[in-house]
Amino acid sequence: MLRFNQRLFARLDVERFFYCVRPYYKPYRVGRQEYRGANAGDFSGINELDLLLGLCRASDPYYAQLLVEQDAVHAAEDQARLRACMTYRSLMDEFLAVIDSSSGEDWFQANASAFLEVCGLFGQTAVQHHDLLVKRFIEAPAARLEPAHLAGLTASGPPLPVLLRSLETLRDLRSARRARISPPGIATCSGSGTR
């Protein structure tokens with residue numbers, strides 16, 4: 001993903017994406033039916049990774065609300081997989097459960113090292129996606145619009161500043177860094193010391 005994101009950043013035309021591709025994510029009507037173009041948030045895979053790694057928790061009020069909002073656009077099989085992930089113990093919790101008794105053992109060291117490497121790459125991808133792609137292809141062109149054209153800009157409904165704050169929070173959760181303004185009740189690895 002890091003390589004693909006970098007390629008998008010280098011080759012994708014900002015104006016063409018903003019004015020020609022981005023509108024396909026927005027809902028549109030055909031007769032009485034409303035359709036919505038798919039975007040990455042419509043697939044549960046990233047949320048499954050959030051939960052299985054333990055970087056986000058379905059019990060966090062903020063993240064739980066995000067899952068509820070996304071559920072409406074997930075395919076039925078994605079909904080089932082995501083609900084199953086909510087019942088699993090995360091890899092982070094599995095490591096924390098045995099850290100006192102096993103941290104000095106070779107198997108623990110090797111697997112914990114691999115786990116932390118995966119978490120680091122996952123977080124790096126989240127940061128790269130937000131800081132390179134969202135800022136360049138959504139936030140920057142939107143800043144050049146007249147205020148009258150900002151209404152209804154996003155596909156997911158909330159005004160752009162609200163959506164951007166939400167995406168920043170997800171970036172911070174996925175990269176296990178303290179959010180600049182942490183929503184209440186959210187614990188990250190570096191945030192509150194509760195994990």
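Is R174 buried or exposed, and what is its relative accessible area? R174 is buried, with a relative accessible area of 12%, where buried means under 20% relative accessible area, exposed means over 50%, and partly exposed lies in between, computed with a 1.4 Å probe on protein chains only. The structure is a predicted model, in which local features need pLDDT of at least 70 and side-chain atom pairs count only at pLDDT 80 or more, while totals for chains, interfaces and linings use all residues. Residues are numbered from 1 along each chain as its sequence is written, and side-chain values use heavy atoms, with hydrogens and water left out.

**Overall architecture**

The protein has eight helices and two strands, these being DSSP runs numbered from the N terminus, with helices of type H or I and at least four residues, and strands of type E and at least two. Read from the N terminus, the elements follow the order α-α-β-β-α-α-α-α-α-α. Of the 195 residues of the protein, 34% count as buried. Among contacts between residues at least 6 apart in sequence, 64% join residues at least 24 apart, a contact being heavy atoms within 4.5 Å.

**Two helix pairs**

The two pairs in the table are described by axes, which are lines fitted to C-alpha atoms, for helices over the stretch in contact, with angles that run from 0 to 180 degrees between N-to-C directions.

| Helix pair | Angle | Axis separation |
|---|---|---|
| α3 (residues 45-53) and α4 | about 155° | 12 Å |
| α7 and α8 | roughly 165° | within 8 Å |

The angle between α7 and α8 makes α7 roughly antiparallel to α8, and that between α3 and α4 makes α3 roughly antiparallel to α4; on this scale angles under 35 degrees count as roughly parallel, over 145 as roughly antiparallel, 65 to 115 as roughly perpendicular and the rest as oblique. The crossing of α3 and α4 is left-handed, and α7 likewise passes α8 in a left-handed crossing, a term that applies if the near helix is turned anticlockwise from the far one by less than a right angle, with right-handed used if the turn is clockwise.

Between α7 and α8, the residues C119, F122, G123, A126, V127, H130, D131, V134, I138, E139 and A142 of α7 meet L160, L164, L167, E168, R171 and R174 of α8. The residues of this contact divide into ten nonpolar, two polar and five charged, where Ala, Val, Leu, Ile, Met, Phe, Trp, Tyr, Cys and Pro count as nonpolar, Asp, Glu, Lys and Arg as charged, and the others, Gly among them, as polar. The crossing of α3 and α4 is left-handed, and the contact there is made by N47, D50 and L51 of α3 with Y63, L66, L67 and Q70 of α4. The residues of the α3 contact with α4 divide into four nonpolar, two polar and one charged.

**The nonpolar core**

The largest nonpolar core has eleven residues, V14, F17, F18, L133, V134, F137, I138, A142, L145, L160 and L164, such a core being a set of buried Ala, Val, Leu, Ile, Met, Phe, Trp, Tyr and Cys residues joined through side-chain atoms within 4.5 Å. The elements that give two or more residues to this core are α2 (14-21), α7 (106-143) and α8, and α7 gives the most, with five residues.

R174, which has its place in helix α8, is in contact with I46, N47, D50, L55, C119, F122, G123 and A126, leaving aside its neighbours within four places in sequence. Just after α3, G54 takes a positive phi of about 95°. The C-alpha atoms of G54 and M92 are separated by 5.2 Å, although these residues are 38 apart along the chain. M92 lies in helix α6 and counts as buried at 8% relative accessibility.

Y62 lies in helix α4 (residues 61-71) and is partly exposed, with a relative accessible area of 21%. Y62 and S166 are 104 residues apart in sequence and 9.5 Å apart in space, C-alpha to C-alpha. A176, found in the segment after α8 (160-174), is also partly exposed, with a relative accessible area of 22%. The phi of A176 is near 55°, a positive value in a residue other than glycine.
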